[in-house]
Amino acid sequence: MNRSMLSLSLAALSLGAFNTHAAPPAGDAAPSAIDLASFTPPKPYQGHQVIRVTPSTQAQLDAALQLAEGVWSERIGIGPIELQVHESKLDAYRDLGLEPIMVIEDLQARADLDWQRVVTTEASLAKHADEHAIQRGGAIHDDTWFANFKQVNQIHTYINDLASARPDIASISSIGTSIEGRDIPAITITGPDAVGNAAADRPVIIWNGCQHAREWVSPMTVTYLASRLVDGYGNDTQVTDLINTVRIIIVPVVNPDGYAFSWSDQRFWRKNRRDIVSSSEFGVDLNRNWGYEWGGQGASPSPSSETYHGTNAFSEPETQALKNLAESFGTNLVAHIDYHSYSQLILWPYGYASGVTTPEPDRTFFDNLSNDVADAIFMVSSTNYDPMQSVDLYPAAGDASDWFYGNLDAASFTIELRPSSSSPGFDLPPAEILPTARENWPGALLFAAQTTQLIQFNGNQPTALEPDTAVSLTVSINDGAALLDPATPMMHFQVDAGSESAVAMTNLGGGQFSAMLPSFDCGSAVSFRFSAQTTTGNTRSFPASGTFDASVEEATIVFEDEMESDTGWSVGASGDTATTGIWTRADPQATDAQPEDDHTAAGTLCWITDGQAGASLGANDIDGGATTLTSPTLDASAEGEPVLVYHRWYSNNSGASPDADSMLVQISDNNGSSWSTLETVTENLSQWVEKRFTISDFVTPSATVRVRFVASDFGDGSIVEAGVDDLQIVYLGCDAFDPDLDGNGVLNLQDIFAFLDLYNAEDPQSDLTEDGIFNLQDIFAYLDLFNAG
């Protein structure tokens, strides 16, 4: 792989397992959907346990694997290894000189518990469906959907819904069918065609999940990534800029047959569902079926093995489908991630044989990128994902990662998700889905940026500017797939579609750059963008195409509430179930999750969820459900364009279940009879954040506008605090030119002379026709205003 080509590809290592001696499962295809409430799963694991042994020789390892029903650990080699065994085999391990350490004493009980958690969680979600609907509002992304594991048909329905919600950026295609004839859909996410930036010419990234059936958190995580990308387009500048420059193709379930079978028959089934008639066995390990160094170390020729590599490379329709998809993009394919579980690892190629090394400069690039992704994950949840070359963990020939890198010259990672190897298991509790997905979200964005973007830009920009007021604009600019030349960042701007001017930006340190946007007259239309160069002279712009646009308008405040007195806000709504952390107007006491002061410069009070610090961080935070704060009736019916402004505080990144909740902000134009969603807040900035929304973008401006803030805690162990302060309704516009230029309240010749003085000096105020030309039309326009009084 040549880094200058930005070719990376991530593919799949697998969790090891060699031989399985369980009776072959029935050959009938598993149903794609089962009724959780009425279904009774079979009990295939009676007498099974998971043990840890430590072979010190290859002979011990081979004998241990022969006795095992399967392998659970991610590593297969001399040293500690976790094996699924029948309890009757424990003495046989002792006879080998291997003392078993019990990891799971009763695997069937573990499977029963896993099923019960799924059923119980689904029942709880159904019970609180109305509350969750309120919490979600009209947002595309639905956190609640990720509160429980989903069957294959539900996953396919969800990505179809994403594409239906945003057909301008998302589409569904079938990449093939499984051995049992199930469809394997992919969702493609990319921005519309732009001049010089056709979607078909953009670099391609593929993310896939579920090569191994039992790894249920894998398809949930990649579906979450798809959901956040579609939802963030147009709302998040980082996501929007990425999607406008890249095609991301996500295949949530590569192995739909095996995945369905793990729901209906054997929870810990790994392979696909090929019926190997010659040996009365079932299944090929898809992540040993890829063509690069197929059939080597870490893959088995035995159909009874959980790492059975198949009769030849790409013998399985599932791997063939993903292969065909990847090859269809030619050199546009630059990167790929294969998501697995478990062990919290970031693995990069090669891994096909002991002692193999990845050539430079790719080795250093992979090493740096994997560490950056691990850091991004850690910043979210303080969860460690260990980066390493895959062969350092174990050899595995014929896996996807080596093929994407070795055959297609694309960057390739295998990410092993939660849990860690210290608490092994494929049966992650449903409550761990969202934390797992959320911590991987920034890592996925960083991976995409560093493999496709020469330079990474980020930073929200204003859409409204005050007249006659210069403003400092700040943007984050960092290395991407190339190195940034820190002397090159520029801000470019133009006024009223005129010629473009450029200003060098100041390096503030830490990847932050700023420049001063000059002042403009009211009514001006300002467009601006940023650019920077790599150390090799390549230029990158932000946004990737087009500009940021802002209007220059005066702000007239028609309503302002600093929350220092009771103006008629109400607390509580149908569906509220929170038992603590109820909204109250108070002077907040500082904790790690809530502010010490309100937002108002000279104020004291704000609306806060309880506000008391208590004896511990979670003593007075929101618990037990939702608490709703609703504004009094607001009048936004005057002529003009009303804008709602408020400041909010939000924190949900502490406790045992960080980032598991959100706050819904909604607006109504009919006194609360119906509501439209302004935003669903999940960010944790530990500061007051100003938000502005043009009311007409959501509802019809009226005299009966209300706003509500629904803060919720539906996650076990979450610490959730929220605050609201300084709400305003502001009208934007420009005052009409006042012909009384001397301001004495009387229109007379002195005003005409004053205007002519401005005209002769070519003062912009006298260009009443706003055409940039001073002529008789401006004088006639003034006289019309003068005569009209």
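Predicted model: local features only at pLDDT ≥ 70, side-chain atom pairs only at ≥ 80, totals over all residues.
Colleague: What share of the contacts with a separation of 6 or more comes from residues 24 or more positions apart?

Modeller: Burial first: 55% of the 789 residues count as buried. As for contacts with a separation of 6 or more, the share from residues 24 or more positions apart is 76%.

Colleague: Thanks! How far apart do the centres of the positive and negative side chains lie?

Modeller: The protein carries 35 positive side chains and 106 negative ones.

Colleague: Let's turn to helix H6. What distance separates its end C-alpha atoms, and what span should its residues give?

Modeller: H6 covers residues 217-232, which makes 16 residues. At 1.5 Å a residue, they should span 22 Å. The end C-alpha atoms agree with that, being separated by 22 Å.

Colleague: How many residues of H6 are buried? And which residue follows the helix?

Modeller: H6 is largely enclosed by the rest of the structure, because 14 of its 16 residues are buried. After the helix comes a residue whose phi is positive, near 90°. That residue is Gly234.

Colleague: Is Leu465 buried or exposed, and which residues beyond its sequence neighbours is it in contact with?

Modeller: Leu465 sits in strand E16, residues 464-465. Its relative accessible area is 7%, under the 20% cut-off, so Leu465 is buried. Leaving aside neighbours within four places in sequence, its contacts are Val471, Leu517, Phe520, Val526, Ala550, Ser551, Val552 and Glu553.

Colleague: Last one: how far apart in space are Ser279 and Ser302?

Modeller: Ser279 is in the loop between strands E9 (275-276) and E10 (281-282). With a relative accessible area of 28%, Ser279 is partly exposed. Ser302 is 23 residues from Ser279 in sequence, and their C-alpha to C-alpha distance is 9.3 Å.

Notes:
Residues numbered from 1 in each chain as written. Heavy atoms only, no water. Helix = DSSP H or I, 4+ residues; strand = E, 2+ residues; numbered from the N terminus. Buried < 20%, exposed > 50% of the residue type's maximum accessible area, 1.4 Å probe, protein only. Contact = heavy atoms within 4.5 Å. Lys, Arg positive; Asp, Glu negative; His and termini not counted. Charge placed at Lys NZ, Arg CZ, Asp CG, Glu CD. Expected span 1.5 Å × (residues − 1).
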